[in-house]
Amino acid sequence: MIKASFSRDEDGTLRDVTLTGHAGSGEYGFDIVCAAVSALAINFINSLEALTQTQADVTMDAVEGGYMRVSVPHDTSKNGQLLFESFLLGMTNMSENASEFVQTIVI
């Protein structure tokens, strides 16, 4: 199962997200749930950089996969937060539609 854990500050601002695990919805290379989560995450990072000039701090396990942490600076723009909320929305929808493979929480 992929677990997505989003962190909010007390003021409601999203600061980071950690993705762990593997979906296991298909064989390696053909797991469409994993591909969907990966596409959402990479699009979020690319959109932050291209559309808001925000440099996210990204940590990944490039060898075994199954781990990605993305954090944004405290001075992230309103547009950057909108993109973060959009990523949360996408992950929440994935959790609702593929609950046996994806879990999303907000701390």
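Modeller: Before we start, a residue counts as buried here when its relative accessible area is under 20%, and the model we are looking at is a predicted one.

Biologist: OK, what share of the 107 residues in the chain is buried?

Modeller: By that cut-off, buried residues make up 37% of the 107 residues.

Biologist: And which elements does the chain have, from the N terminus on?

Modeller: The chain has two helices and five strands, and from the N terminus on they follow the order β-β-α-β-β-α-β. The radius of gyration is 13 Å, close to the 13 Å that the globule rule gives for 107 residues, so the chain is as compact as a globular protein of that length.

Biologist: How do the five strands line up in the sheet?

Modeller: They form an open sheet in the order 3-4-2-1-5, with mixed pairing. The edge strands, each pairing on one side only, are strand 3 (57-60) and strand 5 (102-106), and from one strand to the next the twist averages 10°.

Biologist: Strands 1 and 2, then: parallel or antiparallel?

Modeller: Strand 1, residues 2-8, pairs with strand 2, residues 14-20, in the antiparallel sense over six bridges. Within that pair, A4 stands opposite L19 in strand 2.

Biologist: Where does helix 1 lie?

Modeller: Helix 1, which covers residues 32-52, lies across strand 1, strand 2, strand 3, strand 4 (67-71) and strand 5, and runs at about 25° to strand 4. Helix 2, residues 78-97, also packs on the sheet, where it touches strand 1, strand 2 and strand 5, and its direction makes about 35° with that of strand 2.

Biologist: Back to helix 1, which of its residues are buried?

Modeller: The buried ones are V33, V37, A41, F44, I45, S47, L48 and T52. As a general point, an α-helix has 3.6 residues a turn, so residues three or four places apart point the same way. What covers the buried residues of helix 1 includes helix 2 as well as strand 1, strand 2, strand 3, strand 4 and strand 5.

Biologist: How far apart are the end C-alpha atoms of helix 1?

Modeller: They are 29 Å apart, which agrees with the 30 Å that its 21 residues should span at 1.5 Å a residue.

Biologist: And what happens at the start of helix 1, and just after it?

Modeller: At the start of helix 1, a side-chain oxygen of D31 reaches to within 3.2 Å of the backbone nitrogen of V33, while just after the helix Q53 takes a positive phi of about 55°.

Methods
Residues are numbered from 1 along each chain as its sequence is written. This is a predicted model: local features need pLDDT of at least 70, side-chain atom pairs count only at pLDDT 80 or more; totals for chains, interfaces and linings use all residues. Side-chain values use heavy atoms; hydrogens and water are left out. Two strands pair if DSSP finds at least two bridges between them. Helices (H or I, at least four residues) and strands (E, at least two) are DSSP runs, numbered from the N terminus. Axes are lines fitted to C-alpha atoms, for helices over the stretch in contact, and angles run from 0 to 180 degrees between N-to-C directions. Contact means heavy atoms within 4.5 Å. The expected span of a helix is 1.5 Å times one less than its number of residues. Buried means under 20% relative accessible area, exposed over 50%, partly exposed in between (1.4 Å probe, protein chains only). A polar contact is a pair of N or O atoms within 3.5 Å; within protein, one must be able to donate a hydrogen and the other to accept it, and residues adjacent in sequence count only if both atoms are side-chain atoms. The radius of gyration is taken over C-alpha atoms; the globule rule is 2.2 Å times the number of residues to the power 0.38.
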